[in-house]
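Here is a short report on one protein model. Keep the sequence and the structure in view while reading.

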Amino acid sequence: MTNPYETPLSVAGVEAESSASLAELVRGWEKTRLWYNGILLLPGIGTLAIPVVRETLPIPAAVVIAITLGLSANAAFFLGPLAELYFRGLFLKGKPAPILRRLLLIGGLLISFGAMVVFLIASFFATK
C-alpha cells in the first residue's frame, strides 16, 4: 500500500533526478565563478587605477570601492544561476543547457564591462 501523504513526484522518483540536476547547475556555476572573477579582475583594477592616477579618487576610497564592487559583482553573479534555474524549470524540464549557461555568463560580463565604461566616463568628467 502506498503512503497517501507522498506526492506523486516523490513516488515516481523525480525528486532524485531534480536533485542531481540542481547539483549539476550549482557545481557548473561555481566553476564559472572563477572565470568570471578572473576576467573582470584586471579591467576592474585598471578602471579604478585611472582615477587614482589622475588624482580624482583617493587611494583609500578606491580600496573601499574595489571591495564593494567585488562583493557586488559576486552577488550579481548569482543572477546567472537563478536565471538558468528558472529557464530550465520552465522550458527544458530541468535538463542541462550548456549554451544557456555560456550566454548568461557572456551577458553578465557585458553588463559588468558596461558598468566599468560608465565609471570611466564619469571619472574623466570628475574634478579634483
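## The exposed and buried faces of H4

In this predicted model, helix H4 has a face turned away from its buried side, and that face carries the exposed residues Leu79, Tyr86, Gly89 and Leu90. The buried residues of H4 are Gly80, Pro81, Glu84 and Arg88.

The length of H4 agrees with expectation. Its 13 residues should span 18 Å at 1.5 Å a residue, and the end C-alpha atoms are 18 Å apart.

## H4 against H5

Two packed helices are described by the angle between their axes and the distance between the axes. For H4 (residues 79–91) and H5 (residues 98–125), the axes come within 10 Å. They cross at roughly 145°. The crossing of H4 and H5 is right-handed.

Which residues make the contact? From H4 come Gly80, Ala83, Glu84, Phe87 and Arg88. From H5 come Leu100, Arg101 and Leu104. By class, the contact has 4 nonpolar, 1 polar and 3 charged residues.

## The loop between H4 and H5

Leu92 sits in the loop between H4 and H5. Is Leu92 buried, exposed or partly exposed? Leu92 counts as partly exposed, because its relative accessibility is 27%, between the cut-offs of 20% and 50%. Setting aside residues up to four places away in sequence, Leu92 touches Phe87 and Ala97.

Most residues other than glycine have a negative phi. Lys93 is exposed, with a relative accessible area of 74%.

Glu55 is placed in the loop between helix H2 (14–53) and H3. Its relative accessibility is 59%, so Glu55 counts as exposed, the cut-off being over 50%.

Helix H3 (residues 59–77) has 19 residues. It reaches 26 Å from its first C-alpha to its last, close to the 27 Å expected at 1.5 Å a residue.

Where do the buried residues of H3 lie around its axis? They are Ala62, Ala73 and Phe77. They sit on the same side of H3, because they cover an arc of only 35° around the axis. On the other side of H3, Pro60, Val64, Ile67, Leu71 and Ala75 are exposed.

## The chain as a whole

The protein chain has 5 helices and 0 strands. Read along the sequence, its pattern is α-α-α-α-α.

How much of the chain is buried? Of its 128 residues, 22% count as buried. Among the contacts with a separation of 6 or more, 74% come from residues 24 or more positions apart.

Conventions. Residues are numbered from 1 along each chain as its sequence is written. This is a predicted model: local features need pLDDT of at least 70, side-chain atom pairs count only at pLDDT 80 or more; totals for chains, interfaces and linings use all residues. Side-chain values use heavy atoms; hydrogens and water are left out. Axes are lines fitted to C-alpha atoms, for helices over the stretch in contact, and angles run from 0 to 180 degrees between N-to-C directions. Helices (H or I, at least four residues) and strands (E, at least two) are DSSP runs, numbered from the N terminus. A crossing is left-handed if the near helix is turned anticlockwise from the far one by less than a right angle, and right-handed if clockwise. Contact means heavy atoms within 4.5 Å. Ala, Val, Leu, Ile, Met, Phe, Trp, Tyr, Cys and Pro count as nonpolar, Asp, Glu, Lys and Arg as charged, and the others, Gly among them, as polar. The expected span of a helix is 1.5 Å times one less than its number of residues. Buried means under 20% relative accessible area, exposed over 50%, partly exposed in between (1.4 Å probe, protein chains only). The arc is that of the directions from the helix axis to the C-beta atoms.
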